[in-house]
Amino acid sequence: MNRNIKDGLNFASKLTLPRIWNSGKVLSSYFGSRFTGKASLPAMPISISIEPTTSCNLRCPECPSGLRSFTRPTGMLKQELFEKVINELAPTLSYLIFYFQGEPYLHPQLLEMVRYASQKKIYTATSTNAHYLSDEMAKKTVESGLDRMIISIDGVDQETYASYRVGGKLSKVIEGTRNIIKWKRLLKSRTPHIIFQFLVVRPNENQIEQVYRLADELGVDEVALKTAQIYDYKNGSELIPTNEKYSRYKKMADGSYDIKNSLLNHCWKMWHSCVITWDGKVVPCCFDKDAHFVLGDLNEKSFKEIWKDKRYNHFRQSLLKSREEIEICKNCTEGTKVWA
């Protein structure tokens, strides 16, 4: 059976009637809000991302964690806060991502939290640079019930890989991948579904076919190509691919660069998901990396109070009116119209 189909069936197996009903309400309210121009959401999120930590072992050039450039505090998610959120959301939550900024495996209780959510039949995922997937950690990962693992691999040789994953070792990524696949086989586990995520930048754009071959050789389930977000893109960047197919940006007649797609006044993410930082702040989405748009604090209110609050709905309403005026939306690929 196709590996993606197996992953889809695994996700479907965790759906309950309350989760399906909640998803239906989210979907209908999203399209209803777009049609009427008035934001309304009588349901809870389908998916959330929760941040285990802002710490990272690498220094990637377009990442706040890598650049150590956060203005918000750095730290580790407390398990007590995590369990409080999951206990509240578990009846209707379908998908839980253990990632926002930082390297999740630096959190000493990461797999305990994964196990906690898995026991509540929530589909769980994480994204990692795979430097901490020792044989022992790989075994514990498979045993935790993690459903999906995204492994960042942005080159098929050390020089290319390290040109973006500064301070990283490709050999560690491959070793960690092999460890996970080994323990999946030994434990006869269908999970986690393993994805090689390839961030396409100029130094590695000629290695796309090779990363597919490497994934096949190792037994990786899927390869996902991702376009790179460049913060200061106007004057170009050595990271912007020459092949525009793999770029978010288009070179203009005057030699400057602009975002390839034009923003539309809607965003599915604002209806079905959100991000929770390690210290309990609720922010709209993964593009708010420095948490400039804090919509609530879980140390002060329940998630439902924040999600249903007038401030949150006002933010959704602002997207329906003029999304291009919201700073975090300007470099986003969600809800865009592709140029002809």
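A salt bridge here is a side-chain nitrogen of Lys or Arg within 4 Å of a carboxyl oxygen of Asp or Glu. With that in hand, look at Arg 3, Lys 184 and Asp 221, which are linked in a network of such bridges. Keep in mind that this is a predicted model. Its mean pLDDT is 91, with 94% of residues reaching 70 or more. Go carefully at residues 335-340, though: pLDDT stays under 50 there, and the model gives that stretch 18 contacts beyond four places in sequence.

Back to the charges. The structure holds 14 salt bridges in total. Take Glu 143 and Lys 139, whose closest N and O atoms are 2.7 Å apart. Why do these two sit about one helical turn from each other? They are four residues apart in helix H6, which spans residues 135-144. An α-helix has 3.6 residues a turn, so residues three or four places apart point the same way. Glu 143 is partly exposed, at 36% relative accessibility, and Lys 139 is partly exposed too, at 28%.

Asp 279 and Lys 281 also pair up, with 3.5 Å between their closest N and O atoms. Here Asp 279 counts as buried at 16% relative accessibility, while Lys 281 is partly exposed at 24%. Then there's Lys 301, which meets Asp 309 at 3.8 Å, N to O. Lys 301 comes out partly exposed at 35%, and Asp 309 likewise at 22%.

Now turn to helix H9, residues 208-218, where Ile 208, Val 211, Leu 214, Ala 215 and Leu 218 are buried. Look down the axis and those buried residues fall within an arc of 115 degrees, so they line one face of the helix. What do they pack against? Their partners are helix H8 (170-186) and strands E5 (193-200) and E6 (222-227). Just past the end of H9, Gly 219 takes a positive phi of about 95 degrees.

How many disulfides does the structure hold? Cys 56 is in no disulfide, and the nearest cysteine sulfur to its own belongs to Cys 60, 6.1 Å away. Cys 285 has its closest cysteine sulfur in Cys 286, but the 5.2 Å separating them is too far for a bond. Cys 285 is buried, with a relative accessible area of 9%.

Definitions and conventions:
Residues numbered from 1 in each chain as written. Predicted model: local features only at pLDDT ≥ 70, side-chain atom pairs only at ≥ 80, totals over all residues. Heavy atoms only, no water. pLDDT = per-residue confidence, 0-100. Contact = heavy atoms within 4.5 Å. Buried < 20%, exposed > 50% of the residue type's maximum accessible area, 1.4 Å probe, protein only. Arc of directions from axis to C-beta. Disulfide = S-S within 2.5 Å.
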